[in-house]
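We will go from stop to stop, and at each one you will get something to select.

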Amino acid sequence: MPLQIRPYEPADWPAVWALLEPVFRAGETFPHDPAISEAEAQLAWVEQSQAVMVAMDPAGAVVATYYLRPNSLALGAHVANAGYVVAEHCRRQGIGNRLCQHSLQAARRLGFRVMQFNLVVSTNTAGIHCWQGNGFQVVGTLPGAFRHKQLGYVDALVMVKGLVEGPTP
């Protein structure tokens with residue numbers, strides 16, 4: 001599918017919320033409270049991020065989004081973190097892969113040296129496959145770290161990818 005990925009604009013919020021709300025409510029892939037309010041979601045997704053992008057289909061509809069932010073404070077702020085959501089009717093079309101690749105390039109431009117996903121739910125096999133296909137490695141398993149809305153406590157993975165060539169000092 002032809003896709004345009006561009007920076008988020010405040011007018012995109014209703015479309016972004018329409019993507020986020022069912023994912024957050026499902027309680028299967030993001031650690032947010034399934035009862036999160038729209039204002040809390042906007043704070044978490046947009047206001048606390050360094051960059052937010054949206055993906056538009058050829059008709060101009062927002063079909064996906066991602067955020068990019070430092071994973072930690074000060075001395076760990078060179079490590080990026082990102083989160084991705086693709087509209088359910090657009091999944092399994094490679095959009096998540098495109099978003100991941102775009103976010104890796106954006107993270108490099110912003111000066112990040114590493115990207116880390118802190119809590120990849122072990123049951124999110126499509127996400128894990130996508131991240132591994134883009135060079136992420138599982139560096140740890142957190143037993144029972146995610147309280148899946150349907151399955152109860154499931155493992156979460158920590159996944160990492162270096163963004164610079166050569167050894168990191």
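Before the first click, here is how the elements get their names: helices (H or I, at least four residues) and strands (E, at least two) are DSSP runs, numbered from the N terminus. This is a predicted model, in which local features need pLDDT of at least 70 and side-chain atom pairs count only at pLDDT 80 or more, while totals for chains, interfaces and linings use all residues. Residues are numbered from 1 along each chain as its sequence is written, and side-chain values use heavy atoms, with hydrogens and water left out.

**Stop 1: the whole chain**

Colour by secondary structure. Along the principal axes, the C-alpha atoms fill a box of roughly 45 × 40 × 30 Å.

How does the radius of gyration compare with that of a compact globule? For 169 residues such a globule would have a value near 15 Å, and the chain has 15 Å, which agrees. (This radius is taken over C-alpha atoms, and the globule rule is 2.2 Å times the number of residues to the power 0.38.)

Now show the surface. The chain exposes about 8900 Å², and carbon and sulfur atoms supply 53% of it. Accessible areas come from the Shrake-Rupley method with a 1.4 Å probe; for residues, only the protein chains shown count as cover. Buried residues make up 45% of the 169 residues, where buried means under 20% relative accessible area, exposed over 50%, and partly exposed in between (1.4 Å probe, protein chains only).

**Stop 2: helix α1**

Select residues 13–26, which form helix α1. The expected span of a helix is 1.5 Å times one less than its number of residues. For the 14 residues of α1 that gives 20 Å, and the end C-alpha atoms are 20 Å apart, which agrees.

Look along the helix for a bend of about 25° at Leu20, with a proline, Pro22, following within four residues. The bend at a residue is the angle between axes fitted to the seven residues ending there and the seven starting there.

Next, show the side chains of Trp13, Val16, Trp17, Leu19, Leu20, Val23 and Phe24, the buried residues of α1. What covers them includes α2 (38–47), β2 (51–56), β3 and β4. Just after α1, Gly27 takes a positive phi of about 65°.

**Stop 3: the core**

In soluble globular proteins, nonpolar side chains tend to be buried together. A nonpolar core is a set of buried Ala, Val, Leu, Ile, Met, Phe, Trp, Tyr and Cys residues joined through side-chain atoms within 4.5 Å. The largest one here has 51 residues; select Trp45, Leu68, Tyr84, Leu99, Met115, Phe117 and Trp131 to see those with the most contacts inside it. The largest share of this core, seven residues, comes from α1.

**Stop 4: helix α3**

Select residues 95–109 for α3. This helix has 15 residues and reaches 21 Å from its first C-alpha to its last, close to the 21 Å expected. Ile95 belongs to α3 and counts as buried, at 3% relative accessibility.

Now centre on Leu99, another of the buried residues of α3. Which residues does Leu99 contact, leaving aside its neighbours within four places in sequence? Among them are Ile5, Ala55, Ala64, Tyr66 and Tyr84; contact means heavy atoms within 4.5 Å. Just after α3, Gly111 has a positive phi of about 90°.

**Stop 5: strand β4**

Select Val79 and Ala82. Val79 is in strand β4 and is buried, with a relative accessible area of 13%. Apart from neighbours within four places in sequence, Ala82 is in contact with Tyr67, Leu68, Met115 and Phe117.

**Stop 6: two loop residues**

Most residues other than glycine have a negative phi. Select Ala74, in the loop between β3 (62–70) and β4 (79–86): this residue has a positive phi of about 30° although it is not a glycine. Is Ala74 buried or exposed? At 68% relative accessibility, Ala74 counts as exposed.

Finish at Arg92, in the loop between β4 and α3. Arg92 has a positive phi of about 65° and is exposed, with a relative accessible area of 77%.
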